Amino acid sequence: MNRDKLLLTPGPLTTTLRTKLAMLNDWGSWDDDFNAVTASVRASLLKIIHGADSHVVVPLQGSGTFSVEAAVATLVPREGHVLVLDNGAYCKRAVRLTSLMGRRCTVLGFDEAEPVSVTALDEHLRGDATVTHVVLIHCETSAGIHNPLKQVAAVCESHGKGLIVDAMSSFAALEIDARNTRFDALIAASGKCLEGVPGMGFVFIRKAVLDACAGNSQSLAMDLHDQYVYMEKTGQWRFTPPTHVVAALHAAIEQFEAEGGQSARLARYTQNYQALIKGMTGLGFRPFLDPAIQAPIIVTFHAPSDPSYDFKAFYAAVRARGFLLYPGKLTQLETFRVGCIGAIDATDMVQATHAIADALQDLEMRR
């Protein structure tokens, strides 16, 4: 029997059979049993960031980008001014969605091979008191870079600015502790490092700013304050929830906890990363980032210098052997990306590098 292809991508991810099986039941969206599942998921999410005392968590239908847009619209008042720290494609997406919602937006740009600079952030905030909120991508997966969340949070707190964190590809793998890192909002999704399936995002909102969020959003469906108030009052979602996605996430969280939580998941992903780097450098591939700033989430590699290289042909050859890669997202260099996350282990990564070696041979490419 053919197995599913392994997804070496930043999401959707390879999931376990147990997570898949959780989607076989139908749920009533207002039924008490489903409401209990939603409540359990919300409580478990808060535990991961140690945020039960300081934050609430609001789930939202849709992909992670839906929740990023909802967070900006809900947290930032119409007259607010957002500063986006930009060192990659997902930062640029945050700029676009902020501008489309009519919020004033300024970009503080950095090289896509470097983490954002807390010194530059501090200098900018000293020079522009009109900024109300800062947006940071914790793990910028266009390159795989690990941005300094704790240091950015400290600078924002010292200037009295709100911090909105896109933790889409870092949450549940990289350490995030609300007890020592202040953020007004932090966004993640079901189909990333929790190893659920896509279709649901969630936003942690700091309790101290929650009341001020009322009336900010210009959207009905994506108003996180309204979603929170309704859910607290009724235990239900305002509009039709992604029931099967929630059930799968509940099962995925149970497995996450059984594995040992965030630290154990980071350890497995780090082992995956190390196996990938060993195999790929042995084939002659060069990682784009310095290891010191590389998150063990997704790795960007320089494309082969062979003039016959074509990503689509390379992708197809690797796919035929059971592994799905990801195209590059950088603006100036030709690259491709290999994810280290999902229900996979170091043995899978070794097999993936063997598949890549065979693909190169089939394509008669120089290593």
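Helices, at least four residues long, and strands, at least two, are DSSP runs numbered from the N terminus. The model on display is predicted.

**First stop: helix H6.** Select residues 149-158, which form helix H6, and find Glu157 within it. Is Glu157 buried, partly exposed or exposed? Its relative accessibility is 45%, and it therefore counts as partly exposed, since that class lies between the 20% limit for buried and the 50% limit for exposed. Glu157 and Phe183 are separated by 26 residues in sequence, yet their C-alpha atoms are 8.4 Å apart in space.

**Second stop: helix H3.** Select residues 64-75. Helix H3 has 12 residues, and the distance from its first C-alpha to its last is 16 Å, close to the 16 Å expected at 1.5 Å a residue. Helix H3 is mostly covered, with nine of its 12 residues buried. Among them are Gly64, Ser67, Val68 and the run from Ala70 to Leu75.

Move to residues 89-100. Helix H4 also has 12 residues and should span 16 Å at 1.5 Å a residue; its end C-alpha atoms lie 17 Å apart, which agrees. Which residues of H4 are buried? They are Tyr90, Cys91, Ala94, Val95, Leu97 and Thr98. An α-helix has 3.6 residues a turn, so residues three or four places apart point the same way. The cover over the buried residues of H4 includes helix H3 and strands E3 (81-86), E4 (104-109) and E14 (335-339). After H4 comes Gly102, with a positive phi near 85°.

Display both helices together. Their axes come within 10 Å and cross at roughly 50°, which makes H3 oblique to H4. The crossing is right-handed. On the H3 side, the contact is made by Thr65, Val68, Glu69 and Val72; on the H4 side, by Arg93, Leu97 and Thr98. Sorted by class, these residues are three nonpolar, two polar and two charged.

Select residues 261-282 for H10 and 346-362 for H12; the two axes come within 8 Å and cross at roughly 25°. Because of that angle, H10 is roughly parallel to H12, the limit for this term being under 35 degrees. This crossing is right-handed. Gln271, Asn272, Ala275, Leu276, Gly279 and Met280 of H10 meet Ala346, Met349, Val350, Thr353 and Ile356 of H12. The contact has seven nonpolar residues, four polar ones and no charged ones.

Select Thr243 in helix H9, residues 243-259. Its relative accessibility of 11% means that Thr243 counts as buried. Apart from neighbours within four places in sequence, Thr243 is in contact with Trp27, Ser29 and Phe34.

**Last stop: the backbone.** Most residues other than glycine have a negative phi, and most peptide bonds are trans.

- Pro12 is in the loop between strand E1 (6-7) and helix H1 (17-21). The peptide bond from Gly11 to Pro12 is cis, with omega near 0°.
- Ala172 is in the loop between strand E8 (162-166) and strand E9 (185-189). Its phi is positive, about 80°, although Ala172 is not a glycine. With a relative accessible area of 1%, Ala172 is buried.
- Glu364 is in the segment after H12. Its phi is also positive, near 55°. At 70% relative accessibility, Glu364 counts as exposed.

Terms used. Residues numbered from 1 in each chain as written. Predicted model: local features only at pLDDT ≥ 70, side-chain atom pairs only at ≥ 80, totals over all residues. Heavy atoms only, no water. Expected span 1.5 Å × (residues − 1). Buried < 20%, exposed > 50% of the residue type's maximum accessible area, 1.4 Å probe, protein only. Contact = heavy atoms within 4.5 Å. Axes fitted to C-alpha atoms, helices over the stretch in contact; angles between N-to-C directions. Parallel < 35°, antiparallel > 145°, perpendicular 65-115°, else oblique. Left-handed = near helix turned anticlockwise from the far one by under 90°. Nonpolar A, V, L, I, M, F, W, Y, C, P; charged D, E, K, R; others polar.
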